[in-house]
There are 2 protein chains.
Amino acid sequence: MTQINRRKLFGLGAASVAAVGAGAIATNALMEGTQPAAAASTSDPLPFYGEHQAGIVTPAQDRLHFVSFDVITKKRDELIDMLQEWTASAARMTQGKDSGTFGAVGGAIEAPPDDTGEALGLPASGLTITIGFGPSLFDDRFGLAAKKPGALADLPKFPGEDLLPEISGGDICVQACAHDPQVAVHAVRNLARIGFGKVSVRWSQLGFGRTSSTSRAQSTARNLMGFKDGTNNLKLEDASMLKQQLWVAPGDGPAWMSGGSYMVTRKIRMNIETWDRTSLSEQQQIFGRDKGEGAPLGKKHEFDELDFAAKNPDGTPVIAIDAHVRLAHPSTHGNAHLLRRGYNYVDGSDGLGRLDAGLFFIAYQRDPRKQFVPVQMELSRKDPLNEYIKHVSSGLFACPPGLRDAGDYWGRTLFA
Amino acid sequence: MTQINRRKLFGLGAASVAAVGAGAIATNALMEGTQPAAAASTSDPLPFYGEHQAGIVTPAQDRLHFVSFDVITKKRDELIDMLQEWTASAARMTQGKDSGTFGAVGGAIEAPPDDTGEALGLPASGLTITIGFGPSLFDDRFGLAAKKPGALADLPKFPGEDLLPEISGGDICVQACAHDPQVAVHAVRNLARIGFGKVSVRWSQLGFGRTSSTSRAQSTARNLMGFKDGTNNLKLEDASMLKQQLWVAPGDGPAWMSGGSYMVTRKIRMNIETWDRTSLSEQQQIFGRDKGEGAPLGKKHEFDELDFAAKNPDGTPVIAIDAHVRLAHPSTHGNAHLLRRGYNYVDGSDGLGRLDAGLFFIAYQRDPRKQFVPVQMELSRKDPLNEYIKHVSSGLFACPPGLRDAGDYWGRTLFA
């Protein structure tokens, strides 16, 4: 019975050994609470253990497979067992290994293998797997009602949204990010395999072309409206801002979330055909930035400071009163920041002759009631972008703190 | 009015200059009928002009955006004008440029820009754009009925298929392949933009993780059943086989297709949850190969020759009578080969708790009546894999020969 080992098949050359070594060092650094190091290359593994979950401030990888599960077992112990199995599998997969140890290369094994195989031979590809618990998990099924954080209160109804319940919400979400979509898909698929009979896939979403950078070492990517997105995003280098805006602190609510963060997802369908027939001038007025460079209107470079007071010769503001950058800016919301980590998506076409495309928005924060909710309320009321977009799905999840070591598991602080 | 130029924004360093030079040389080589060279890196451009269309024997890129259009204009001239505009745009985009020349960086232009912008700053990423004409284009709308090739006869109904008409067929298809999905999506989206009012998106499909290698320089990739797929695929190095099996020759049918090839697409949904609960032994028996290495059963290495006569000690065949490799093998079909160029897909979930995933199969050939049809008829009748898969979409397209130069356009040989 030979163990299927992705690294073995891939060839454990000197470079891989060095990368594994670097991963171990980064893990130790993380345990001491410092920032996670970026992998040396897009094929290398990232640390799985640490004070916070990986996949939040980790420099955004290029591809996403996001999945939301309904828990279908009624048994608390079965759910905990599954979370322990998931954790063990995720610890292996993020390091470029197969999901489990049972299987054979060339042998005849009379049981389904512990890994589905499609990532055999592929490197770790910067895979991170991040878990979150939705408000619905805190009903009366598992005795968790008393542990529900206030920050996990249902989002209000926003003007103009048109949410489809079948692709919204869910008891547990998993965000798998990697530089290779096959590696991200493999991770989600193996967790679904392990969870068979205990959880059921409620909805899932693939994404590409990260639309936000989460590190100053990354260039700003473009959304499907063709604009740079997330220039002023929270970045992993902003240590004191992260403490203030991203990570749940002791005393913020139930102790089990300390060191965690709250995730909001919004699937934002774009009417790209209408947008594509809008003049460049109008597109730039709506965003408040120029399209080519990403510079604030009236400035030259992407990272030039926004000047909301600047006027045109005719006295009108250079950046319109309802420009997206003005409405979304922290100065409009008592300094509320978000760490955005969204992806572009194309889900084929819509049967009406149009591409079904847009932005799968993901944002992390310390308290959605003070961050996402007021920002989105302002945008949903005033943003002229609303003519070209529609929010069709919504998710809210409490992402617990990171895992200490191989004896820890996803949900330990919640179920303990 | 400054021209938006992707390469300018990306920075035309020494490496890029070298790559452009290599592309020019490869173009010339192609014009003389030799095989296209692989790009030096996954970010470089590939030649657009040549004897055959790019994107067929081109070493399979990692990502796909495939789109099928219905023609909605009734005017032949409008259709030809659009195909000429498409060709000019594709020539630019495959070289890493924006789709058109009208637009501005930082300027105020009172018209929609000639490019949608989301690929600004991204390199060419090996983009190829390949066009095909479906059987329905040869009805009485455009006076093409007499030019319909016999090889474009509708595919027969295959046992067990469950085709959805809304994601099957179409008048014109475009296959965009690149190493960056944002570049492939950008290409399809800009062709749809140019075609507004003349064509309508009928269906579109994203894919990742090429499941077939089309060059001996590529390793064999894995499908979502976890098996290596396409080990014995036609490869660009097989010059005499390509002549015999891939390219339409003078005398095969209407002259306009000489140098072209016929494309069959099949969206093959996999019941991956059922497959994942099947024993490794059974999975291997069904394929006739081992899962880890991809070796034929009874052999050690992926490229070891299949031995269909080999017997186990108990007299049963080592490779089962109905193993997939045996049923699909050219020796079963009078030496009929296919050049496969498929991609894995995940389209989210199906509302029944399962991932909506499988293989988007693409195969090129000289005559589907002698190649795809007999192979698929055998498989659809006998392959035990059918328990785990279902064909849900089908397409058949005549892909014309390559373009000679900037004065040529997609469809010239057909409409001339």
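1. Some ground rules. Residues count from 1 along each chain as its sequence is written, and chains are lettered from A in the order in which they are written. In this predicted model, local features need pLDDT of at least 70, side-chain atom pairs count only at pLDDT 80 or more, and totals for chains, interfaces and linings use all residues, while side-chain values use heavy atoms, without hydrogens and water.

2. Chain A has ten helices and nine strands (DSSP runs: H or I of at least four residues for helices, E of at least two for strands). Of its 416 residues, 61% are buried, meaning under 20% relative accessible area with a 1.4 Å probe, protein chains only.

3. In the interface, 59 residues of chain B are in contact with 60 of chain A (heavy atoms within 4.5 Å). The copies meet through the same surface, because 100% of the interface residues of chain B are also interface residues in chain A.

4. The rule finds two salt bridges across this interface (a Lys or Arg side-chain nitrogen within 4 Å of an Asp or Glu carboxyl oxygen). A:Asp276 forms a salt bridge with B:Arg189, with the closest N and O atoms 2.7 Å apart. β4(B) gives the most to the side of chain B that touches chain A: eight residues.

Methods: Buried < 20%, exposed > 50% of the residue type's maximum accessible area, 1.4 Å probe, protein only.
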